[in-house]
Amino acid sequence: RVYADGWLAWSADASLPVERLPRYQQLVHVGWLQDLLAGRTVEAPPAARRLLFHVNFGVPEEYADGHLPGALYLDTNWLEDPADWNRRSPGELDQALRSLGITTDATVILYGRDTEGDANEKWPGRRAGQIAATRAAMILRYAGVDDVRILDGGYDAWAQAGGALETAATAPMPVDRFGVEIPVRPEVIVDLPEAKAILAGPAAAALVSVRTWNEHIGRVSGYNYIGPAGRIRGDVWGNCGTDAYHMQHYRNVDNTMRPYPEIAANWAAAGITPDKHVAFYCGTGWRASETWFYAWLMGWERISVYDGGWFEWSADPEHNPIEIGDPNEPAVTSGAGTVTPGGNVVPSPAVSPA
């Protein structure tokens, strides 16, 4: 059947129920941003001090090739420590944010470039640009920026809509003070002890693996710099997409956010619900940051990212229990290693992530 009257008729009747994405204003659209940059009045206007960033991982050439008008460049390396890809120290974050002109009361709008490609393309890092933008968003919220927004669909949505691009760089205007002591929201990121505490209370918490099925069952590690394959014992599989650089399970075909009721329904089917403390993890926190951002948009309050992720956990299987194999198969216990489904045993000696 077809509901012929449509949304306009439904919304005109105050007695009929409606719902919306609770933090919808933090996910901005191309038309909204075009109006903002043109100086037109927009819904949910930003603060007087607003900054637009083109985000990626160490490929400034991509920014130079073309970016949105007035956009500054943000390299995720400035927010993450390359030793373990976790967030940088409070002091380092303070210095990085001040150098970019970011203050706690500024509106920061982020986007990335997600053009399809492979490792042999000119700038392979841009394949994960929109994930990089959500990674930056999560760390900025952790640090203390109150108004962080993401351009839905990123650079590609803008370009496909005919939005203007420029190649001239816009230099940031550094500030003397960020405005608050970092981190304002330490609960946004959890570390190894908190991750283990979450695993210990599955009735009230969930450690959600935002990884591919092949990563989940231990067929691949998912990264060229992580050797061990498998999953954290006791986690909940939250899916992601085809590999560590894609999030098809959470996006529409045009790379915009998948309708939030579908995301919430998929999570509920896996036991991931807003009444629990939900911590997302992946390899080193990027994909987990995108799902964190979607949960935040949906108004979930007790959400975190386990920053160390599989990289940290898998480096010490003697103390961090690991599983491999299909979790739907019968579990097998071995004195030589970890309890695993499908008869597979993870040896106890420590494994280098190299």
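Residues are numbered from 1 along each chain as its sequence is written, and side-chain values use heavy atoms, with hydrogens and water left out. In this predicted model local features need pLDDT of at least 70 and side-chain atom pairs count only at pLDDT 80 or more, while totals for chains, interfaces and linings use all residues.

**Strands**

Helices (H or I, at least four residues) and strands (E, at least two) are DSSP runs, numbered from the N terminus. Two strands pair if DSSP finds at least two bridges between them. An open sheet of 5 strands has the order S1-S7-S6-S2-S3, and its pairing is parallel. Its edge strands are S1 (27–28) and S3 (72–75), each pairing on one side only. Within that sheet, Asn56 has Asp75 in S3 as its bridge partner.

Further parallel pairs link S8, S13, S12, S9 and S11. The table gives the bridges for each pair, together with those of S2 and S3.

| Strand pair | Sense | Bridges |
|---|---|---|
| S2 (50–56) and S3 | parallel | 4 bridges |
| S8 and S13 | parallel | 2 bridges |
| S12 (277–281) and S13 | parallel | 3 bridges |
| S9 and S12 | parallel | 5 bridges |
| S9 and S11 (236–237) | parallel | 2 bridges |

Ala205 stands opposite His277 in S12. Ser209 has Trp237 in S11 as its bridge partner. Ala279 faces Ser304 in S13, and Ile189 is bridged to Val305 in S13.

Strand S9 (205–209) is mostly covered, with 5 of its 5 residues buried (under 20% relative accessible area; exposed is over 50%, partly exposed in between; 1.4 Å probe, protein chains only). In a regular strand the side chains alternate between the two faces of the sheet. In S9, Ala205, Leu207 and Ser209 lie on one side and Ala206 and Val208 on the other, all buried. Strand S13 (303–306) repeats the pattern: Ile303 and Val305 point one way, Ser304 and Tyr306 the other, and all are buried.

**Cavity and pocket**

On a 1 Å grid over the protein atoms alone, a cavity is a set of points where a 1.4 Å probe fits but cannot get out; a pocket is an open set with protein on both sides within 12 Å along at least five of seven lines; lining residues have an atom within 4 Å of a point. Grid points are joined across faces, edges and corners, and a volume is the space filled by probe spheres set on the points.

The structure holds 1 cavity of 30 Å³ or more. The largest cavity has about 60 Å³ of space. Helix H5 (129–143) and helix H10 (286–297) are the elements that give two or more residues to its lining. H10 gives the largest share, 3 residues. Among the lining residues are Leu27, Asp152, Arg251 and Glu290.

The largest pocket holds about 430 Å³. Of its 15 lining residues, Phe57, Tyr223, Tyr225, Tyr245 and Trp286 are the closest to its centre.

**Pro183**

Pro183 sits in the loop between helix H6 (154–160) and strand S8 (189–190). Pro183 is partly exposed, at 25% relative accessible area. Beyond its neighbours within four places in sequence, Pro183 contacts (heavy atoms within 4.5 Å) Pro90, Tyr142 and Ala143.
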